[in-house]
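Dear colleague,

I am passing on the structure below, and my notes on what was found in it follow directly after.

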Amino acid sequence: RLVHWPESREVLTPFCVVPPSVQLAEASCFALRDALMLRLQEQFVASVWSPRLETICGYLKQNEALVEGDPDVGQLFGGWNGAEVLVLGPAPTLAAGIPKIRELRERSKLVAISTALQPLIEAGITPDVVIMIDSESIDPLTPDQRASFASVPLVYVPEVQNATLVAWPGPRLVAYLDRPRYDDLRVRWPRQNLWTDGTVTHSAIDLAVRCGASRVTLFGLDFGYPGGVSHTVGTPDFMRVRKGDHGRTLLDGFGNVISSDLNLMTYLRDIEQYIKRHPEVEFLRADRRGANLEGAAWLDD
């Protein structure tokens with residue numbers, strides 16, 4: 001039986017699919033296409049992740065003294081009730097959003113992903129909170145920038161490398177992830193969880209919501225490669241991406257196809273589900289060159 005159900009992203013089992021043919025799906029079926037590809041990749045992703053787990057658990061052990069001494073991220077929850085929060089990421093459109101971020105700064109709170117800091121600092125923008133969850137995160141500041149961040153809190157999870165955390169000049173707040181590897185720490189030093197299904201973007205958005213935001217606006221979170229680059233200029237991961245490098249595509253805010261990759265597409269679909277779980281929050285996107293995100297309106301509408 002052949003079923004055409006473009007609104008669905010639910011994968012019923014058992015199923016049979018020819019992966020190259022899935023890439024030819026029409027735009028109305030992109031969400032279902034992505035769900036199918038994710039299911040096909042599950043075993044591969046697990047095999048890649050398993051060797052990293054030992055290293056990450058080592059980082060958790062190294063950071064026990066920080067976890068014991070640093071306060072819980074839960075201290076921030078509810079502190080911005082009714083606020084507009086800008087979540088700032090390092091993707092290609094961040095640079096173009098700087099003037100709008102400046103305009104909204106006076107009436108908004110800013111949560112910045114650590115890899116987005118350099119373009120923001122160059123523009124004279126200091127966020128209210130910085131967040132970091134990637135175990136391979138590096139120190140995002142240069143020595144001459146440390147003094148201006150002495151009062152800016154870093155929200156982190158303790159699988160980030162110890163040297164990166166110790167180098168932060170301001171206060172630190174600990175968060176956990178809802179993963180079995182945190183069970184031992186959770187018993188000894190209870191801390192609040194932040195949501196993620198694989199990216200700090202998820203945790204940054206969840207932090208904004210848990211702090212009480214009534215509106216969350218996303219800058220520099222494109223889930224694709226508009227302009228043929230991976231990140232905005234000045235970020236540590238900036239690189240040029242040839243069209244079709246990853247064989248994956250999404251629709252931008254103009255209805256045009258932009259290149260992406262499976263990880264970014266998966267993260268986007270996860271956020272769409274998160275938005276559905278939080279109808280009390282208004283979600284906005286800042287730049288139509290980024291991928292369309294169901295449930296989030298455009299800031300210029």
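W168 has a relative accessibility of 4%, and because anything under 20% is taken as buried, W168 counts as buried; please keep in mind that this, like everything below, comes from a predicted model. F149, at 1% relative accessibility, counts as buried by that cut-off too. These two residues form an aromatic pair, one of four in the structure, and the arrangement of F149 and W168 is edge-to-face, with 5.8 Å from centre to centre and 75° between the planes. Since F149 belongs to the loop between β3 (129-132) and β4 (154-156), while W168 belongs to the loop between α6 (162-166) and β5, the pair ties together parts that are 19 residues apart in sequence.

Another pair is formed by W195 and Y274, whose ring centres are 4.6 Å apart and whose planes meet at 15°, so this pair is stacked. It links distant parts of the chain, 79 residues apart, with W195 in the loop between α7 (183-188) and α8 (200-210) and Y274 in helix α9 (residues 262-277).

F283 leads on to the nonpolar core. The largest such core has 78 residues, and F283 is among those with the most contacts inside it, together with I101, L120, I131, V155, L207 and V216. Helix α9 supplies the largest share of this core, seven residues. Apart from its neighbours within four places in sequence, F283 is in contact with residues including I205, V209, V216, Y274 and I275. As a general background, nonpolar side chains in soluble globular proteins tend to be buried together.

As for the sheet, it is open and has eight strands in the order β5-β4-β3-β2-β1-β6-β9-β10, with parallel pairing. The edges are taken by β5 (172-174) and β10 (297-298), each of which has a single partner strand, so one side of each is left without a neighbour in the sheet. Strand β6 (residues 215-219) runs parallel to β9 (residues 282-285) and is joined to it by four bridges, and the bridge partner of L218 in β9 is R285. Helix α4 (residues 94-105) lies across β1 (84-88), β2 (108-113) and β6, and runs at about 150° to β6.

With best wishes

Key:
Residues are numbered from 1 along each chain as its sequence is written. This is a predicted model: local features need pLDDT of at least 70, side-chain atom pairs count only at pLDDT 80 or more; totals for chains, interfaces and linings use all residues. Side-chain values use heavy atoms; hydrogens and water are left out. Two strands pair if DSSP finds at least two bridges between them. Helices (H or I, at least four residues) and strands (E, at least two) are DSSP runs, numbered from the N terminus. Contact means heavy atoms within 4.5 Å. Axes are lines fitted to C-alpha atoms, for helices over the stretch in contact, and angles run from 0 to 180 degrees between N-to-C directions. Rings of Phe, Tyr and Trp (its six-membered ring) pair if their centres lie within 6.5 Å; planes under 30 degrees apart count as stacked, over 60 as edge-to-face and the rest as tilted. Buried means under 20% relative accessible area, exposed over 50%, partly exposed in between (1.4 Å probe, protein chains only). A nonpolar core is a set of buried Ala, Val, Leu, Ile, Met, Phe, Trp, Tyr and Cys residues joined through side-chain atoms within 4.5 Å.
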